[in-house]
Amino acid sequence: MQRLTNRRILLGISGGIAAYKCAELVRLLSKAGAEVRVIMTSGAMEFITPLTMQALSGNPVHHALLDPEAEAGMGHIELAKWADLLLIAPASANLISRLAQGMGNDLLTTVCLATDAPICLAPAMNQAMWRDPMTQANMERLQAAHGDNLTVIGPDAGEQACGDVGPGRMMEPEAIATAVADRFDTGLLDGVSVVITAGPTREAIDPVRYISNHSSGKMGYALAAAARDAGARVTLISGPVTIPAPDRVQVVHVTSALDMLQAAQSELEHCQIFIASAAVADYRPASVADQKVKKSTDELSIQLIKNPDIVATVAAHEPHPFTVGFAAETQDVEHYARDKLARKNLDLIVANDVSRTDIGFNSDDNAVSVFWPEGQQRFDTMNKHSLARALIELIAGQYKA
Ligand code: PMT
């Protein structure tokens, strides 16, 4: 079920007594890390309330095809594009018939026509309706039209709500959730909790001035997106940056090194991999002036005191996550990186030469050398997104080794 982490599941519920099982189904999918949105047909709403599905999925329920408000927000095309997978459960005989004819006469059937996402369909109906040649012909037509893009889950056989016995019961929510998870490839970091620090910190001098650096956050944000795509649950602890946060990543905004330390420590309990790509200020002003410092003397001295080392604090914690540091160097890159690897007790360090203006700080590209106790690897200049994917692959391999 860990394959469901970060997946977007669009659940279409049609009218049938099995609709009540969708409450448990949504709970299972959400617990496994999926984001769930629900479409209900008019029939479905006779069996279970939209309010229940909204409360469980954490998202408003979609129903009307021609809803001016929905069109401005999430209309049928947006929903069709949003979904990583469309799950229809229960799929009634009526819905299957409309789908087999290619009809688009309500929101759910329209989304089915509009989506490129794989479709899972869990039929549920009276045993005689399921065995009816028309229903069977509709199922064959659907399977022929969608090929491998359609997975039929069930139906199960057994006692039915109407008292009949035979095939037509909707599969249990656990079995449906497992079948949905099986539709996704295994990610390198499925279900692993990853915490990433990114961007600069700002160390206040007075209410309007601070000490900082040129970090844009691009490297750390790209790592967060790559870890998410590998199936991880990602928390991004970010200093002040102007780039947009990747979606499906939890972002904690911080300003100073002390804020960043506190945020990192509060994530430690569940963190399995910690990646410190932030450019944390090594020093901060010993005291912060309450009011703006006025221009007076020709010289002004600011006394600085050392900030705590966040990544070293994380690595010293017991039990500690697999801890990855970055090393921003301007000379003797390997020597200083290996020194930080040992001194901060890291599992792996990613070293970049920040004396170059074409890579490193505030650039779209980077080139790094990675060192760990038993090995090293070089990644020549490339886009930070490509580099992030390569680094996540390497980190996942070392984490599991
Ligand atoms: O944000 P971009 O514009 O994309 O630029 C990316 C980057 C150049 C900032 C990034 O690739 C990088 O090198 N990040 C580390 C910057 C840095 O502070 O390096 P350092 O060598 O000073 O620190 C070594 C390690 O200790 C780093 O993992 C750093 O996050 C960590 N550290 C440093 C000081 C401190 N007080 N606490 C820390 O955790």
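Student: Why is helix H7 called largely enclosed by the rest of the structure?

Tutor: Six of the eight residues of helix H7 (residues 107-114) are buried, so the helix is largely enclosed. A residue is called buried under 20% relative accessible area, exposed over 50% and partly exposed in between, with a 1.4 Å probe and only protein chains considered. Helices are DSSP runs of H or I with at least four residues, strands are runs of E with at least two, and both are numbered from the N terminus. This is a predicted model, in which local features need pLDDT of at least 70 and side-chain atom pairs count only at pLDDT 80 or more, whereas totals for chains, interfaces and linings use all residues. Residues are numbered from 1 along each chain as its sequence is written, and side-chain values use heavy atoms, with hydrogens and water left out.

Student: Which residues of H7 are buried, and what covers them?

Tutor: The buried residues are Leu107, Leu108, Thr109, Thr110, Val111 and Cys112. Their cover includes strands E1 (8-13), E2 (35-40), E3 (85-91) and E4 (119-123), together with helices H5 (76-82) and H6 (93-100), where contact means heavy atoms within 4.5 Å.

Student: How do you know whether Thr109 is buried or exposed?

Tutor: Thr109, which lies in helix H7, has a relative accessible area of 0%, and is therefore buried. Leaving aside neighbours within four places in sequence, Thr109 is in contact with Leu95, Arg98, Leu99, Met103 and Gly104.

Student: What makes Ser92 count as buried?

Tutor: Ser92 has 9% relative accessibility, so it counts as buried. Ser92 is placed in the loop between E3 and H6, and, not counting residues up to four places away in sequence, it touches Ser14, Gly15, Ala124 and Met125.

Student: Why is Val293 called partly exposed?

Tutor: The relative accessible area of Val293 is 27%, and therefore Val293 is partly exposed. Val293 belongs to the loop between strand E14 (283-285) and strand E15 (304-306), where, residues up to four places away in sequence not being counted, it touches Asp206, Arg209 and Leu300. Val293 and Arg37 are 256 residues apart in sequence and 52 Å apart in space, C-alpha to C-alpha.

Student: What makes up the shell around the ligand, and how many residues surround the ligand?

Tutor: There are 27 surrounding residues, the closest being Ser215, Ser216, Lys340, Asn352 and Asn362; a residue is included if one of its heavy atoms lies within 4 Å. Helix H11 (218-229), helix H13 (310-316) and strand E16 (322-329) each supply at least two residues of this shell, and E16 gives the most, with four.

Student: What describes the chain as a whole?

Tutor: The chain has 15 helices and 19 strands, and buried residues make up 49% of its 401 residues. Its C-alpha trace spans about 90 × 50 × 40 Å along the principal axes.
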